[in-house]
Amino acid sequence: MYYRTLGNTGLMVSEISFGTIPVLQGSVPVLPDYYNLDEKTAIQVMEYAYSLGCNLYDTAIVPEYGDAELKLGKFAEHIGREKIIISDKARFYNGNEMYEAVLTSCENLGTFSDIYFVHQVDEEHEEEVFQRGGALDALTELKNEGKIHFTGVASHYYSTLLRAAADIRVDVLQGSGNLLERGMLERMAAEPLFEKKGLLINKVYAAGLLPAVFPVRTLIQTVLSYPVSSALIGIGTIEQAKQAMKWNTKETQKEIPSFEEVICVLEKEYDAIPCDRCQRCRCFYGTEIHTIFRQYQYYFLGKDYWALRKLGMGIEESAQYCRNCTEMSCIFMCPKKIRIPDEIQKVEKLFLTHPVR
């Protein structure tokens, strides 16, 4: 295992970090799989990853990640708290709610969190998070009180992460990206504001779907080829820990497939949309074009019911907007010049042909 600096935090983190969603037990619907691990097995899996050099473990407050936070606390006590770095998060945007959430997390863990993120910040809640008295102010207060060591913002949206990168209150960022959805990684690599922030990247496997098409090493190497601190992998078995961590990232470096090569591989299986989720396209009507295209890709990559359920939350309305739109400015915004209105109609047809029941 090799290690990288986590921005200006002074921490050295393993290039591959441990995501705890798969070790949970409970009734929380998760992706990519539901492992239902008991406490003893969960600790064994986390300990095995530690033996391979992993020192960063990422979780979220109960019940969002089921009991994973509790299990991570037990593991920290078992292995020695000083030997690992804990990253935690909660989906609260109001300052008072976030403050209480962190205290609850500390109680669940039985210890402090090195990094605490405002989780899944989107454009709808962004202002509430960043405004005076919002969640970010609460994390800053908790940091000053010594209850956490560093503050973070986690988001799937480039604009939100860019705002966080420019905010002196934020120490660490958590974004998403992979071999297929590399557009945001490209933009962050080109933006100097991200250079001073620690950067964790999740969705490296695209919700567990891409390992069926591309080698795990290639998926991880792609993410690590960008200026990130650590690739965050959801791990639920010893075998998955081996696949992700038991190899030398320096000695086995291979040429990373270009985006065009990735699309060519996918086109052997289905009519792939060549969207890398750079998020540069903006719809006058508010349609999240890149999200719709993601659900379409995920449908063919194996998450058919989940993807259709997500598409059912507005694809017909979005397609109608496209049919009525005369400007089609989204095409000019798209670096790849995708015929976005045509692709939206294609996605709508998929949804109408295979409705969620």
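Reply: Before we start, one definition: a residue is buried if its relative accessible area is under 20%, and exposed if that area is over 50%, with partly exposed in between. Keep in mind, too, that this is a predicted model.

Me: Okay. What makes Leu-139 count as buried or exposed?

Reply: Its relative accessibility is 0%. The cut-off for buried is under 20%, so Leu-139 counts as buried. You'll find Leu-139 in helix H5. Skipping its neighbours within four places in sequence, Leu-139 has contacts that include Met-98, Val-102, Tyr-116 and Phe-117. Val-118, Ile-148, Thr-151 and Gly-152 are in contact with Leu-139 as well.

Me: What puts Glu-15 and Arg-4 in a salt bridge?

Reply: Their side chains come to 3.0 Å, N to O, and the limit is 4 Å. Arg-4 belongs to strand E1 (residues 3-5), while Glu-15 is in the loop between strands E2 (12-14) and E3 (16-19), so this bridge links parts eleven residues apart in sequence. Glu-15 is buried too, because its relative accessible area is 2%.

Me: How many salt bridges does the rule give?

Reply: The count is 18. One of them joins Glu-145 and Lys-147, at 3.1 Å from N to O. Glu-145 is partly exposed at 37%, and Lys-147 is partly exposed at 30%. There's also a network, in which Glu-126, Glu-127 and Arg-163 are joined by salt bridges that share partners.

Me: Why is Cys-330 in no disulfide?

Reply: A disulfide needs two cysteine sulfurs within 2.5 Å. For Cys-330, the nearest cysteine sulfur is that of Cys-322, and it is 6.2 Å away. Cys-330 is buried, by the way, at 10% relative accessibility, and Cys-54 is buried at 0%.

Me: What closes into a barrel here?

Reply: Eight parallel-paired strands, in the order E3-E4-E5-E6-E7-E8-E9-E10. On average, neighbouring strands of this sheet are turned by 30 degrees against each other, direction ignored.

Me: How do you know that E3 is paired with strand E10?

Reply: Pairing takes at least two bridges, and four join E3 to E10 (residues 230-234), so they qualify. The two strands run parallel. Gly-19 stands opposite Gly-234 in E10.

Me: Which residues have the most contacts inside the largest nonpolar core?

Reply: Ile-220 and Phe-293, in a core of 111 residues. Helix H11 (residues 289-301) gives the most to this core, with seven residues. Leaving out residues up to four places away, Phe-293 touches several others, among them Ile-273, Cys-275, Ile-338 and Val-347. A second, separate core has eleven residues, including Val-13, Leu-56, Ile-85 and Val-172.

Conventions: Residues numbered from 1 in each chain as written. Predicted model: local features only at pLDDT ≥ 70, side-chain atom pairs only at ≥ 80, totals over all residues. Heavy atoms only, no water. Buried < 20%, exposed > 50% of the residue type's maximum accessible area, 1.4 Å probe, protein only. Contact = heavy atoms within 4.5 Å. Axes fitted to C-alpha atoms, helices over the stretch in contact; angles between N-to-C directions. Core = buried A, V, L, I, M, F, W, Y, C linked by side-chain atoms within 4.5 Å.
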